[in-house]
Amino acid sequence: MRRLNIASLVSFAVAGFLVIGSARAEDKKADWKPLMDGKTLTGWHPVGDGKWTVEDGAFVGRANNEKLYGLLVSDKTFRDFAVRFKFKCLSGDSGFYIRTIIKEPEKANGLQVQVGRIKSGVGGIYESYGRAWVSKPSDELEKSYTKDDAWNEMVIEAHGGNVTVTVNGIKSAELKNDPSRPEGNFALQMHSGCVMDVRFKDIEICEAAK
């Protein structure tokens, strides 16, 4: 009888841990909120040259050697967050700006995480109209995680002056106590003077992440 009671208690304890673990996993999943509906540009607005459309659930940016950068800027501003998304750059040079402000006509000032093809510094951090590269991966590291002509997943975590970037699960850049702007918009970039075809999808944010 005693053995049965102990076994029952163990069973209940295990079940309890599973329920709690499942609830925490659901809570964590619920923290992520989509920043795009996969059908329209709602929540974002274009700035500069080129054209942004929505195709197969993705933001698609196309341009043909335009004079101005082409940006797709979030309507909202963000401070501390984790943001994740998938990208595919078929041609040109792109980026994902965080905490940026736009100055006319299309200058995105702030930190930009590089999006592009191998040897462009994918996953590195560049301060536009400021310090230039502040964290750039080596060619060998970049090649280990970047997939040309395929979807890649990027996660950017920014809390105060600490910024970490991972691409396909591998850390590509990190800043500690960086003095850059603490709050601003997100912006997707099409570089000027390029034939551009870049795509972003499944953009989600978790503002409670730490």
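Two strands are said to pair if DSSP finds at least two bridges between them. The views below show a predicted model.

**View 1. Strands β9 and β10 form a hairpin.** Strand β9 covers residues 125-128 and strand β10 covers residues 132-135; the two pair in the antiparallel sense over three bridges. Within this pairing, Ile125 has Ser135 of β10 as its bridge partner. Three residues lie between the two strands of the hairpin. Tyr129, in the turn, has a positive phi of about 60°.

**View 2. Asp197 is a buried residue of strand β15.** Strand β15 spans residues 195-206 and includes Asp197. The relative accessibility of Asp197 is 14%, so this residue counts as buried. The side chain of Asp197 is joined to that of Arg199 by a polar contact of 2.8 Å. Leaving aside residues up to four places away in sequence, Asp197 touches Val60, Gly61 and Arg62, as well as Lys88, Cys89, Leu90 and Ser91.

View 3. A disulfide is a covalent bond between the sulfur atoms of two cysteines. The structure holds zero disulfides. The cut-off for a disulfide is a sulfur pair within 2.5 Å. Cys194 counts as buried because its relative accessibility is 18%, under the limit of 20%.

**View 4. Cys206 is buried.** The relative accessible area of Cys206 is 4%, and this residue is therefore classed as buried.

Methods: Residues numbered from 1 in each chain as written. Predicted model: local features only at pLDDT ≥ 70, side-chain atom pairs only at ≥ 80, totals over all residues. Heavy atoms only, no water. Helix = DSSP H or I, 4+ residues; strand = E, 2+ residues; numbered from the N terminus. Buried < 20%, exposed > 50% of the residue type's maximum accessible area, 1.4 Å probe, protein only. Polar contact = N/O pair within 3.5 Å; in protein donor to acceptor, adjacent residues only side chain to side chain. Contact = heavy atoms within 4.5 Å.
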